[in-house]
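Subject: Structure for you to look at

Hello,

I am passing on the structure we spoke about. Please have a look at it first; my notes follow below.

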Amino acid sequence: MGQHIGAYGVQDTLRSGFSSVKNELLPSHALELSEKNFQLNQDKMNFSTLRNIQGLHAPLKLQMEYRAARQIQRLPFLQSSHLALDTLKGNDESISFEDILNDPAQSEMVGEPHIMVEYKLGLM
């Protein structure tokens, strides 16, 4: 969700959660940046290959489907699984690190449901 600045110039912890120093650190290893951008680089390569084989329409159609699948979410205070997006990308048949250790009950994004929905709808 990003860092939100409140009315008094301090971080709004209720909406954005606690600040993390880890997000502001530089990569500690040369491969860390490569691993962080792996999926993006993989998508670029797949779109380029798809464009060369099937033409310009194929990657554009696939990107529109990705964008539509990304917009399908639950309410802001509930964890969304993005099952449609995983199915489009082919990740629904593999078990990864996030599938086992990404328990929504242990999520740091817990807040007042009414406030989070009002903020998402722009009422606050």
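How many residues does H4 have, and how far does H4 reach from its first C-alpha to its last? This helix has 15 residues and reaches 21 Å, close to the 21 Å expected at 1.5 Å a residue. Please keep in mind that the model is predicted.

The protein has seven helices and zero strands, and along the sequence its pattern reads α-α-α-α-α-α-α. Of the 124 residues in the protein, 10% are buried. Among contacts with a separation of 6 or more, 29% are between residues 24 or more positions apart.

Back to H4. Its buried residues are Ala-58, Pro-59, Tyr-66 and Ala-69. Seen down the axis of H4, these buried residues fall within an arc of 90°, so they line one face of the helix. On the other side of H4, Met-64, Arg-67 and Gln-71 are exposed. The buried residues of H4 pack against H3 and against helix H5, residues 83–89.

H3 covers residues 38–54 and H4 covers residues 57–71; the two pack at an angle of about 135°, and their axes are 7 Å apart. That angle makes H3 oblique to H4. From H3, the residues in contact are Phe-47, Leu-50, Arg-51 and Gln-54. They meet His-57, Ala-58, Pro-59, Leu-62, Gln-63 and Tyr-66 in H4. By class, this contact has six nonpolar, three polar and one charged residues.

Regards

Methods. Residues numbered from 1 in each chain as written. Predicted model: local features only at pLDDT ≥ 70, side-chain atom pairs only at ≥ 80, totals over all residues. Heavy atoms only, no water. Axes fitted to C-alpha atoms, helices over the stretch in contact; angles between N-to-C directions. Helix = DSSP H or I, 4+ residues; strand = E, 2+ residues; numbered from the N terminus. Parallel < 35°, antiparallel > 145°, perpendicular 65-115°, else oblique. Contact = heavy atoms within 4.5 Å. Nonpolar A, V, L, I, M, F, W, Y, C, P; charged D, E, K, R; others polar. Expected span 1.5 Å × (residues − 1). Buried < 20%, exposed > 50% of the residue type's maximum accessible area, 1.4 Å probe, protein only. Arc of directions from axis to C-beta.
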